[in-house]
Amino acid sequence: MTVTPTPTLTPNSPSPERTSVVVVGAGPAGLALGTVLRDAGIDCVVLECETRAFIERRPRAGVIEEWAVDALDRRGLAGNLLKRAERHTACAFRFDGGQHRFSYTELTGRHHFVYPQPLLVTDLVREYADVRGGDIRFGVRDVTVRDVGTDRPTVTYTCAETGEQRVLQGEFVAGCDGARGVTRRALTDAGARVARHDYGIGWLALLAEAPPSADCVLFGMHPDGFAGQMPRSPEVTRYYLQCPPGDDPANWPDDRVWTQLQRRLAADGAAPLTEGRLIEKRVLDMHDYVVEPMSVGRLFLAGDAAHLVAPIAAKGMNLALHDAFLLGDALVAHRAGDDGALSAYSRDCLRRVWDYQEFSQWLSEVYHGISHGDPFRAGTTLARLRRLFTSPAAAAAFAEQYLGTADRY
Ligand code: RFL
């Protein structure tokens, strides 16, 4: 792959500050990477466009896979999580008026952990900045990545406090700035390809100030559309409602939301959902993308910057952590003179990424096949669902993918 030259600094640019790794973005990927680098004594600077208070409150994920918790724990990052997270042992599918509980822990001995993303981000900022003394700069603007094809890539930004332009020169740049960041563009400008998939559906993502109405994740497959319940804490529950893509949340007054949730998640013998104030209501246009390769020259992407998985199977944050630990370890090995892991980084991440993307597509058909309006798709969807509860081989395959426990990707 050829690297297109990017504009270099002009003679009037401020003199660059040197560091080893510039990390753009303080989400789970950037913060986990920063702590690995700090632990190995590699200096780095994390640049974040929002404030600390904002990123510590931004609601998103909740489900973390057991291998990811183990990886956080091995690096001393799971203290609060292990004390406070709920351990889930099952999920339930509600369709045809009935409830079918899938006890994956009974089958595999493995769990899912439920720990809200803002709590994990709060823990990681504290570990990186307060405990390990890492350099993190909040509220930065106008971040630009340059010269990734050279051995001295630079990142310029505008400082929040002074409004001045600053220049950081590193050996490496890690693009951890999520789906709306700027580093993906630098990579595609340098020749990387983006593969994208649109589901053609929307989800109304909701947070309710209400306890969960069941002790596990609920998937409701209903002719009106999919509905899901994802417990977050004893006080807050995430719900999803399938809706047209591009729908306006204003079309979903609270009464309509609760009527549809009650209807789509109803099952014989199940109590009605416990309702509460809706504190988040936003429409997600469901899509996935993958940037391939995930690195060009000295720029390496990690997390949502490199690949977005629609929240169908609750995989995105898990992949972000997976990338961050692989990249951190690869940079540490590079420092010790071994470039093998850095060269293999993109390939090693993408195996799990594509596997999770494929599972999300499969699960999307399970969620949405019944409401599509095509009786043939509804029939095959019901066959898939029944197979999970009649075929031990199908159940084992589902559990492995849902929990991310395959030995090799
Ligand atoms: P993040 O978390 O988006 O962090 C990127 C950070 O970069 C900052 N940033 C910039 N900083 C400097 N300069 C710029 N130009 C910048 N542009 C952006 C941003 O402010 C931010 O702080 O990316 P990261 O670290 O890759 O982590 C990815 C995860 O956040 C994401 O995959 C998950 O939230 C996805 N997801 C879920 N994943 C799971 O594994 N389990 C779940 O249960 C789960 N539930 C969800 C989800 C995503 C959801 N939404 C909002 C799409 C539920 C929902 C509703």
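Visitor: How do the residues of the shell around the ligand divide into nonpolar, polar and charged?

Guide: The model is predicted, and the shell is read from it by sorting residues by type. Here the shell around the ligand holds 17 nonpolar, 9 polar and 10 charged residues.

Visitor: Which residues come nearest to the ligand?

Guide: Of the 36 residues around the ligand, the nearest are E48, R58, R60, Q117 and D304.

Visitor: How much of the ligand's accessible area does the protein cover?

Guide: On its own the ligand has 1,000 Å² of accessible area, and the protein covers 91% of that.

Visitor: Which elements give two or more residues to the shell?

Guide: They are helix 1 (28-39), strand 17 and helix 9 (316-335). Helix 9 gives the most, with 4 residues.

Visitor: Which domains does the shell draw on?

Guide: Domain 1 (17-81 + 116-195 + 288-358) and domain 2 (88-111 + 198-287 + 374-403) each supply at least three residues to the shell around the ligand.

Visitor: Strand 17 was named as part of the shell. With which strand does strand 17 pair, and in which sense?

Guide: Pairing is read from the bridges between two strands. Strand 17 (residues 237-243) is joined to strand 14 by 7 bridges, and the two run antiparallel.

Visitor: Is Y240 buried or exposed?

Guide: Buried means under 20% relative accessible area. Y240 lies in strand 17 and has 6% relative accessibility, so Y240 counts as buried. The C-alpha atoms of Y240 and L261 are separated by 8.3 Å, and the two residues are 21 apart along the chain.

Visitor: What is the strand order in the open sheet of 6 strands?

Guide: The order is 9-3-2-13-20-19, and the pairing is mixed. The partner of strand 9 can be followed in detail: strand 3 (residues 44-47) pairs with strand 9 in the parallel sense over 3 bridges. In this pair L47 stands opposite R137 of strand 9.

Visitor: How many residues of strand 15 are buried?

Guide: The count is 6 of the 6 residues of strand 15 (residues 217-222), so the strand is largely enclosed by the rest of the structure. The burial concerns both faces: V217, F219 and M221 lie on one side, and L218, G220 and H222 on the other.

Visitor: Which strands pair with strand 15, and in what sense?

Guide: Strand 6 (residues 91-95) pairs with strand 15 in the parallel sense over 5 bridges, and G220 is the bridge partner of R94. Strand 16 (residues 225-231) runs antiparallel to strand 15 and is joined to it by 5 bridges. In that pair L218 has Q229 as its bridge partner. A hairpin of 2 residues links strand 15 to strand 16.

Visitor: Turning to the helices, which residues of helix 3 are buried?

Guide: In helix 3 (residues 66-74), the buried residues are E66, W67, A68, V69, A71 and L72. After the helix comes G76, with a positive phi near 70 degrees.

Visitor: Which side chain does E127 contact?

Guide: E127 lies in helix 6 (residues 117-131) and is buried, with a relative accessible area of 16%. The side chain of E127 makes a polar contact of 2.4 Å with the side chain of R132.

Technical notes: Residues are numbered from 1 along each chain as its sequence is written. This is a predicted model: local features need pLDDT of at least 70, side-chain atom pairs count only at pLDDT 80 or more; totals for chains, interfaces and linings use all residues. Side-chain values use heavy atoms; hydrogens and water are left out. Two strands pair if DSSP finds at least two bridges between them. Buried means under 20% relative accessible area, exposed over 50%, partly exposed in between (1.4 Å probe, protein chains only). A residue is near a molecule or strand if one of its heavy atoms lies within 4 Å of it. Accessible areas come from the Shrake-Rupley method with a 1.4 Å probe; for residues, only the protein chains shown count as cover. Ala, Val, Leu, Ile, Met, Phe, Trp, Tyr, Cys and Pro count as nonpolar, Asp, Glu, Lys and Arg as charged, and the others, Gly among them, as polar. Domain bounds come from an automatic or database domain assignment. A polar contact is a pair of N or O atoms within 3.5 Å; within protein, one must be able to donate a hydrogen and the other to accept it, and residues adjacent in sequence count only if both atoms are side-chain atoms.
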